[in-house]
Amino acid sequence: MSNIRAVRGMNDILPDETPHWRYLERTVSRLLASYGYGEIRLPVVEQTDLFKRSIGEVTDIVEKEMYSFDDRNGESLTLRPEGTAGCVRAAIQQGLLGGPQRLWYAGPMFRYERPQKGRQRQFHQIGVEAFGVASVDMDAELILLSARLWRQLGLVDAVQLQVNSIGSSSARRAYRSALVAYLESHRDALDEDSQRRLHSNPLRILDSKSPQTQAILDGAPALADYLDDEARSDFSRLCDLLQAAGLPYVVNPRLVRGLDYYNKTVFEWVTDRLGAQGTVCAGGRYDNLVEQLGGKATPAVGFAMGMERLVLLMLETGAVESAGQSAADVYAVAVGDAAHREALAAVESLRDHLDDLVIVQHTGGGSFKSQLKKADKSGARVALIWGEDEVRAQTVTVKPLREAAEPGEKSGQLSVPREQLEATLRTVFADQIRQEE
Ligand code: ATP
Ligand code: MG
């Protein structure tokens with residue numbers, strides 16, 4: 001019988017990686033709290049209609065990437081492919097939209113895509129959404145907040161900010177006709193994907209990866225020429241604010257987003273260090289979505305970052321070390337029943353006082369030799385040893401496992417009276433233990 005394996009594109013995140021994830025989560029949650037954002041935890045499953053009505057029927061996500069199923073009542077449900085729709089649904093349902101509201105969430109998202117580096121079928125996003133403010137100072141706040149995050153994570157040099165405005169929906173409609181008319185005349189030269197999108201979602205052709213299509217786009221009408229006055233002046237004000245804050249950015253006139261609900265400002269943080277999956281953070285304004293989903297008209301702006309890509313980038317740039325810390329600081333071994341009892345009690349009492357240290361108690365028995373081999377492998381700096389001699393003398397042997405012993409000295413081993421064990425470990429690990437007041 002063949003073994004059961006994880007679903008393709010859905011990865012296990014192993015203990016040598018989780019510290020990076022926690023570091024990322026800790027940094028983000030602290031930062032967001034300091035800007036006044038509150039965390040919201042949302043269901044992983046929503047009604048399929050929620051995504052159809054928000055993301056848009058003719059987007060890649062809704063057309064071919066959603067995990068949808070009928071539950072036992074025959075209701076169509078979908079594993080969330082992104083977080084904004086659910087967040088808006090919750091904000092409406094829970095009455096959170098009385099005034100400005102700053103929210104964030106983190107968790108797994110699901111899209112049926114071709115798995116590759118930085119692209120999974122289950123992936124994780126941290127999303128940030130700000131409701132109730134129509135002016136671009138809110139767009140600027142979100143962008144500056146994300147920039148601060150890159151500084152805190154040590155990624156500033158690895159990412160670039162791209163911004164654009166996609167205007168109102170009527171401006172986009174006008175542009176869409178002009179774009180389609182132009183592309184029709186070059187239809188045969190377009191890549192296959194773009195030909196397919198020509199009538200379903202032509203704006204998406206702008207960010208086609210095909211060089212041939214990009215060359216054709218060089219002669220295409222520009223979205224910027226079709227923007228309504230309000231979008232145009234908002235965009236120039238946003239650029240001003242970014243400049244005033246000293247934040248470098250690039251205007252990318254072909255930046256559009258793959259979801260229908262955006263208007264006006266769109267932005268992405270991109271890197272050239274992760275191959276084709278270069279966008280680590282993307283977002284924009286979506287002033288019509290709340291109303292479209294049945295709420296009171298409420299302007300909104302938000303973004304989401306891809307956690308897998310950020311962790312990859314942190315490893316790639318050396319912002320975090322991939323080696324993983326050693327599994328233990330202290331490894332306790334004991335041979336004989338009395339020694340065992342003593343060791344167990346002593347280690348528990350150490351844990352009461354030294355919770356900065358990772359103390360691993362050997363389990364499963366065995367000789368001193370085999371237990372000490374495990375101690376060595378654990379990466380611990382010291383082993384604590386209990387045997388018949390120690391029980392009789394009421395001592396513990398403290399054996400350094402890392403420092404080279406002085407020649408002639410019995411490997412730097414110490415025999416420590418039982419009640420001095422904690423103090424001895426405090427000295428050995430002085431660099432690692434928080435000092436008491
Ligand atoms: P892409 O163009 O890379 O497919 P997208 O436009 O579909 O991205 P969004 O829906 O805006 O992405 O999601 C925001 C972020 O979430 C992306 O910038 C990326 O970092 C991350 N992301 C999106 N899809 C995936 C995926 N399948 N695997 C890993 N990360 C993803
Ligand atoms: Mg995508």
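In helix α7 (residues 192–200), Ser194, Arg197, Leu198 and Ser200 are buried; buried means under 20% relative accessible area, exposed over 50% and partly exposed in between, with a 1.4 Å probe and protein chains only. These buried residues pack against α3 (60–65), α6 and α8 (211–217). Helices are DSSP runs of H or I with at least four residues, strands are runs of E with at least two, and both are numbered from the N terminus.

This is a predicted model: local features need pLDDT of at least 70, side-chain atom pairs count only at pLDDT 80 or more, and totals for chains, interfaces and linings use all residues. Residues are numbered from 1 along each chain as its sequence is written, chains are lettered from A and ligands numbered from 1 in the order written, and side-chain values use heavy atoms, without hydrogens and water.

**Ligand 1.** Ligand 1 is surrounded by 16 residues, and the closest are Arg111, Glu113, Arg119, Arg257 and Thr279. A residue is near a molecule if one of its heavy atoms lies within 4 Å of it.

| Side chain | Ligand 1 atom | Distance |
|---|---|---|
| Glutamate 113 | nitrogen | 2.6 Å |
| Glutamine 125 | oxygen | 3.0 Å |
| Arginine 309 | oxygen | 3.1 Å |

A polar contact is a pair of N or O atoms within 3.5 Å.

**Glutamine 120.** This residue sits in the loop between β5 (101–110) and β6 (122–131). Is glutamine 120 buried or exposed? Glutamine 120 counts as buried because its relative accessibility is 9%. Beyond its neighbours within four places in sequence, glutamine 120 is in contact with Gly9, Asn11, Arg111, Glu113 and Glu308. Contact means heavy atoms within 4.5 Å.

**Second largest pocket.** Its volume is about 520 Å³. A pocket is an open set of points on a 1 Å grid over the protein atoms alone, with protein on both sides within 12 Å along at least five of seven lines; lining residues have an atom within 4 Å of a point. The lining has 25 residues, with Ser169, Arg172, Leu203, Asp260 and Tyr262 nearest the centre. At least two lining residues come from each of α2 (48–55), α6 (169–184) and α10 (289–292). Helix α6 gives the largest share, 4 residues.

**Cavity.** The structure holds 1 cavity of 30 Å³ or more. A cavity is a set of grid points where a 1.4 Å probe fits but cannot get out. Leu42, Pro43, Glu46, Arg80, Glu82, Gly83 and Gly86 line the largest cavity.

Technical notes
Points joined across faces, edges and corners; volume = space filled by probe spheres on them. Polar contact = N/O pair within 3.5 Å; in protein donor to acceptor, adjacent residues only side chain to side chain.
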